[in-house]
Amino acid sequence: MLEKFTVIRGRVVPLRGEDIDTDRIIPARFMKVLTFEGLGKYLFYDERFDEKGEPKPHPLNDPRYQGASILLVEAGFGSGSSREHAPQAIKRAGFRAIIGESFAEIFFGNATAIGLPCVTLAPEDLAVLFQAVEQDPDLEVEVDLVNKEVRFGSRTAPLSIPEEAREALVEGLWDPIGELLQAGELLDQFDRRLPYPRRSE
Amino acid sequence: MGKTLYEKVWEAHEVRRLKNGQSQLFIDLHLLHEVTSPQAFGMLKDLGLRVRYPHRTFATVDHIVPTHDRTEPFQDPLAQSMLEALRQNTKEHGVTFFDLGSGNQGIVHVIGPQLGLTQPGMTIACGDSHTSTHGAFGAVAFGIGTSQVRDVLATQTLAARKLKVRRINIEGKLAPGVYAKDVILHIIRHLGVKGGLGYAYEYGGSTVEAMDMESRMTLCNMSIEGGARIGYVNPDETTFAYLEGRPYSPKGAEWEEAKRRWRAVASDPDATYDDVVTFRAEEIPPTVTWGINPGQALPIDGRIPLLEELPPEERPLAEEALAYMGFRPGQPIKGVPIQVAFIGSCTNARLSDLREVARHLKGHKVKRGVRALVVPGSEWVARKAEEEGIAEVFREAGFEWRNPGCSMCLAMNPDRLQGDELAASSSNRNYKGRMGSPKGRTVLMSPLMVAAAAVTGEIADAREVFGIGR
């Protein structure tokens, strides 16, 4: 049974910057792997470490944000490559949700498919949240997928997420393969009807 | 009321509606490569499932292939293990695999069209964002993640939500020395890297109608860089002429039947669109990027923008780009020294790209100190280029003539920038660190502009360097 996501509660890492692409989330050279295990340690590798592997100033290296489980980002997060390695690295680094202004489509789909909710806030609410967690890294934030709101301090901000993704996460049905398999015989009908590339010798 | 190609293809492939309102969409053609498939095969195994319709799945190896020495085992054991995993998985599941040395290996988005696998009206998916390339044939083609690769392997379907369609008209005649690459960089520059979110892009108009298939592929390839997951061109006689006689194209009576079907799938003249945008071909200059995403572009004669010239919301990213690229606001892009010139990638490593460059490059020499690479998109492209004497033109000019693969475009093989080298590149992404060095810098441009940069050692106007249109 898949996990159900109703309310995700935790501290937040604020990661500023627009159009953060998946090459930055996980550089290509770390994708020479046969499984997704262990990818968490390469999350934002080139932004977090110098050529010698020494840590650079970065929110993910900041001791004040250690143990946080929600990633806070700006607009266009996850653009570029379709690599599922990107949300996998985020999830395997211990994050359970991402709050942002907008997400690239393939990234959003990949994240949802592995049970990593991506929710959006209006730009003004997002700005307030950034400010709040930058001032107080210990601030607890709640992402409530049932009531569709993000709560922090005394504030409540409405969140958006496509309804089918929200339902799938809340009901623990975010991995669609079981439902796809149910089509059964219908699939064979489509396979028979639709042409496919065939070498005619 | 008329329908778009996108709507027609969608309706023909919708198996059923899922509980959550998404559609279960049948995928006609599934393309695989070594980077995003091993985990999917692993998940399949864990679930005790098989590849449901192996005759609809084709695989090749491209991202990790060394382009210099392909002797096995590769020097990089990780790369070797990925190749072997793909060999093993395709063999176990009866999937056609175009292995190294098969004569058909190459970049997945180059070999699909070249073999006639890519056909109008199809739904095509691949675990790679540049799957949008195949839209050039009037296919609905898009990149997917690895969990979806698993879904397609197991069921030949995936859960998807219908997009809106934006018609992008390009009208008129492109100036000499201006190519499809300039057109798409120009479009992304104007519509933005997030402009296509939620849309499929339909490209049309007299400029696109006049383009050959390989130019249309370049155009559709970079749709994803504009935020659109899908880009396509309606199939026409140009499409059919390209496909005729390819190894996997329909033949005999099936060919005529296929053409009838393909004509019918094109958007109706009275189709309605969610948005329509028009560009004039004459206004499109040779275009190059100056920043860290493909939307940060400008005409070759242009100057890098001053921050105050940009809308406030674009300034933080522009500042970040200037700092990373080491450029000054207001500086002309022309004349910036380069260290590396790269012609390759799924955007621009097809035979027509290499032919066009060779035609102008003949008699020129790569500037001393510039490392220049040309990496053909497939074994077939390489072979043809050898036969036609194109490879020799490149070699004589001082380019390294490499074996096919993705190479420096994303640097999962030994081809990569060193330190903060600046590359003139025909590839599709100029992200920070994209070409394998965390400080490496990329300026995107057409293949001919890369050749001009190689010859002069700096970002240059190919029309001036090669005396085009003067």
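## Close-up views of a predicted model

**View 1. The buried residues of helix H15 of chain B pack against strands E13 (287–289), E15, E16 (371–374) and E18 and helices H12 and H16 (462–465) of chain B.** Helices and strands here are DSSP runs (H or I, at least four residues, for helices; E, at least two, for strands), numbered from the N terminus. This is a predicted model, with pLDDT of at least 70 needed for local features and 80 or more for side-chain atom pairs to count, while totals for chains, interfaces and linings use all residues. Residues are numbered from 1 along each chain as its sequence is written, chains are lettered from A and ligands numbered from 1 in the order in which they are written, and side-chain values use heavy atoms, leaving out hydrogens and water. H15(B) covers residues 447–456, and nine of its 10 residues are buried, so the helix is largely enclosed by the rest of the structure. Buried means under 20% relative accessible area, with exposed over 50% and partly exposed in between (1.4 Å probe, protein chains only). The buried set is Pro447(B), Leu448(B), Met449(B), Val450(B), Ala451(B), Ala452(B), Ala453(B), Ala454(B) and Val455(B).

**View 2. Five strands of chain B line up as a parallel, open sheet in the order E17-E16-E15-E18-E19.** At the edges sit E17(B) (400–401) and E19(B) (441–444), each pairing on one side only. Strands count as paired if DSSP finds at least two bridges between them. Look for E15(B) (residues 340–343) and E18(B) (residues 422–425): they run parallel and are joined by three bridges. Ala341(B) stands opposite Ala424(B) of E18(B).

**View 3. Helices H12 (residues 351–361) and H14 (residues 390–397) of chain B pack at about 50°, with their axes 9 Å apart.** That angle makes H12(B) oblique to H14(B). Axes are lines fitted to C-alpha atoms, for helices over the stretch in contact, and angles run from 0 to 180 degrees between N-to-C directions. Under 35 degrees counts as roughly parallel, over 145 as roughly antiparallel, 65 to 115 as roughly perpendicular, and the rest as oblique. The crossing of H12(B) and H14(B) is left-handed; that label applies if the near helix is turned anticlockwise from the far one by less than a right angle, and right-handed if clockwise. H12(B) brings Leu351(B), Leu354(B), Arg355(B), Val357(B), Ala358(B) and Leu361(B) to the contact, and H14(B) brings Ile390(B), Val393(B), Phe394(B) and Ala397(B). Contact means heavy atoms within 4.5 Å. Nine of these contact residues are nonpolar, none is polar and one is charged. For that tally, Ala, Val, Leu, Ile, Met, Phe, Trp, Tyr, Cys and Pro are nonpolar, Asp, Glu, Lys and Arg are charged, and the others, Gly among them, are polar.

**View 4. Helices H2 (residues 38–46) and H5 (residues 146–155) of chain B pack at about 55°, with their axes 8 Å apart.** H2(B) is therefore oblique to H5(B), and their crossing is right-handed. Gln39(B), Ala40(B), Phe41(B), Met43(B) and Leu44(B) of H2(B) make the contact with Thr146(B), Ser147(B), Val149(B), Arg150(B), Leu153(B) and Ala154(B) of H5(B). The contact residues come out as seven nonpolar, three polar and one charged.

**View 5. Helices H6 (residues 180–191) and H8 (residues 213–221) of chain B cross at roughly 25°, and their axes come within 8 Å.** H6(B) and H8(B) are therefore roughly parallel to each other, with a right-handed crossing. Here Ala180(B), Lys181(B), Val183(B), Ile184(B) and Ile187(B) of H6(B) meet Ser215(B), Thr218(B) and Leu219(B) of H8(B). The contact of H6(B) with H8(B) has five nonpolar residues, two polar and one charged.

**View 6. Over in chain A, four strands form an antiparallel, open sheet in the order E1-E6-E7-E8.** Its edge strands, E1(A) (7–10) and E8(A), each pair on one side only. From one strand to the next, the twist averages 15°. E7(A) (residues 149–152) and E8(A) (residues 155–158) run antiparallel, joined by four bridges, and Val150(A) has Ala157(A) as its bridge partner in E8(A). The hairpin of E7(A) and E8(A) has two residues between the strands, and Gly153(A) takes a positive phi near 50° there. For context, chain A has eight helices and eight strands, and 59% of its 201 residues are buried.
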